[in-house]
Amino acid sequence: MDSNDVDKRRKYRLMNRKKKIWISVGAIMLLIAITGAVFIWEQYYRMNVCNFSSNDGESHGYYILPDASIDSVLEIVLQDYKIAAETDFKWHKKRLLFNSVKPGYYRFPAKMGNREFMTKLQLGQQTPIRLTFNNQIRTREQLAGRLAKQLLLDSVSIIERLDSTGYMQQYGLNRETAVCMFLPDTYEVYWTTTPDKLFDRMYKEYQRFWNVGRLHKADSLGLKPTEVATLASIVESETHRQAEFPTIASLYLNRLRLGMPLQACPTVIFAVGDFKMRRVLKRHLRIESPYNTYINRGLPPGPIRCARGSTIDSVLCAPKTDYLFMCANPDWSGTHLFSSSYGKHAAAAKEYQKELNARQIH
């Protein structure tokens with residue numbers, strides 16, 4: 001074999017060795033790239049797509065109190081969720097500077113990444129709660145208590161505002177008419193809302209309800225919105241039968257027009273303050289109170305309960321009748337007997353009193 005062949009073989013072996021080296025380097029680089037891509041994808045996935053999964057596949061909500069720590073919040077959340085990569089969570093926590101949580105109500109989806117979880121809590125991106133109250137609320141104290149139970153507020157901060165004519169004047173109301181602003185319904189608010197923001201929100205709802213059409217109807221009756229709400233509160237207190245609301249409203253409107261005392265028993269019960277009272281007696285009719293419509297003409301100074309919007313509409317759209325008297329039906333059906341003459345009313349009232357005595361209701 002001559003020297004040329006030897007050189008060729010040597011060069012071929014060298015090329016083969018270099019080729020294998022480049023293939024190995026390429027494989028290593030590819031492996032590094034794949035590993036890096038997998039790492040980057042996993043970090044992206046855990047950060048932005050899913051690192052928390054609920055155990056039941058449902059979303060969950062939590063009330064986070066002031067001064068709650070990240071660890072305490074995580075402990076609560078992990079009762080309903082499992083975390084796929086705790087190491088990634090800790091790394092992302094440092095990267096996002098996640099070092100504190102804001103109080104509030106937060107509802108988390110069934111699956112979420114670390115970013116969504118941390119951002120919500122760090123920036124206070126709350127989920128609104130459903131604030132609900134009904135027409136069973138009779139006093140400012142009851143209203144304050146009901147609101148405080150559903151919000152991160154104390155009842156004192158609410159009652160102080162409701163009791164302050166100076167504060168309520170900014171809404172065109174006073175301490176007696178303050179509850180007019182709180183129409184029974186369900187509202188979406190933030191759990192950590194402040195008292196002032198809550199009152200501003202309810203005033204906006206109040207203004208939205210009292211649109212031009214309703215204001216015009218109230219004006220045609222010669223009543224202010226607060227007076228309509230006061231009359232509606234009396235109507236609601238007379239019966240649970242909504243079908244009778246318009247007729248009862250018509251009766252009281254007739255009395256107001258004629259200057260007759262309303263003589264509404266629910267106002268006497270409100271004046272007494274015993275809302276479990278089942279029978280109004282003569283001694284109750286003599287109680288000194290601006291809410292006693294047996295001794296005071298016209299409407300009382302404010303509502304005797306939070307009247308619903310639908311009942312206010314019953315007053316605004318009350319039919320024209322000549323009724324001046326009503327009496328609970330002696331058949332105990334929960335309905336009323338309406339009349340335009342006192343004679344018929346007195347006869348019906350006598351029968352009803354007999355039924356009360358027979359049932360030993362005192």
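**Cysteines**

I began with C306, whose sulfur lies 8.5 Å from the closest cysteine sulfur, that of C180, which is too far for a bond. I keep in mind here that the model is a predicted one. I then looked up the accessibility of C306 and found the residue buried, with a relative accessible area of 2%.

My search of the whole structure returned 0 disulfides. C265, too, is in no disulfide, and for this residue the nearest cysteine sulfur belongs to C327, 9.4 Å away. I noted C265 as partly exposed, since its relative accessibility comes to 29%.

**Cavity**

I next asked how many cavities of 30 Å³ or more the structure holds. I found 1 of that size, and for the largest cavity I noted a volume of about 50 Å³. Its lining brings back both members of the cysteine pair I had started from, C180 and C306, and it also includes V179, F182, L183, A229, P303, R305, A307 and I312. Sorting this lining by class, I counted 9 nonpolar residues and 1 charged residue, with no polar ones.

**Largest pocket**

I turned to the open spaces, where the largest pocket takes up about 1,600 Å³. It is lined by 47 residues, and I wrote down those closest to its centre, which are E238, C265, V280, A328 and Y352. I then looked up which elements give two or more residues to this lining, and they are the helices α10 (225–238), α11 (245–258), α12 (265–272), α13 (282–285) and α15 (342–358), together with the strand β8 (325–328). Of these, α15 gives the most, with 7 residues. By class, I have the lining of the largest pocket as 26 nonpolar, 12 polar and 9 charged residues.

**Second largest pocket**

My last entry concerns the second largest pocket, which holds about 250 Å³ of space. Which helix gives the most to its lining? I found that this is α8 (residues 195–209), with 5 residues. The lining as I listed it consists of Q126, V189, Y190, T192, T193, T194, K197, L198, D200, R201 and K204. I sorted these residues into 3 nonpolar, 4 polar and 4 charged.

Note on methods: Residues numbered from 1 in each chain as written. Predicted model: local features only at pLDDT ≥ 70, side-chain atom pairs only at ≥ 80, totals over all residues. Heavy atoms only, no water. 1 Å grid on protein atoms, 1.4 Å probe; cavity = no way out; pocket = protein on both sides within 12 Å on 5 of 7 lines; lining within 4 Å. Points joined across faces, edges and corners; volume = space filled by probe spheres on them. Nonpolar A, V, L, I, M, F, W, Y, C, P; charged D, E, K, R; others polar. Disulfide = S-S within 2.5 Å. Buried < 20%, exposed > 50% of the residue type's maximum accessible area, 1.4 Å probe, protein only. Helix = DSSP H or I, 4+ residues; strand = E, 2+ residues; numbered from the N terminus.
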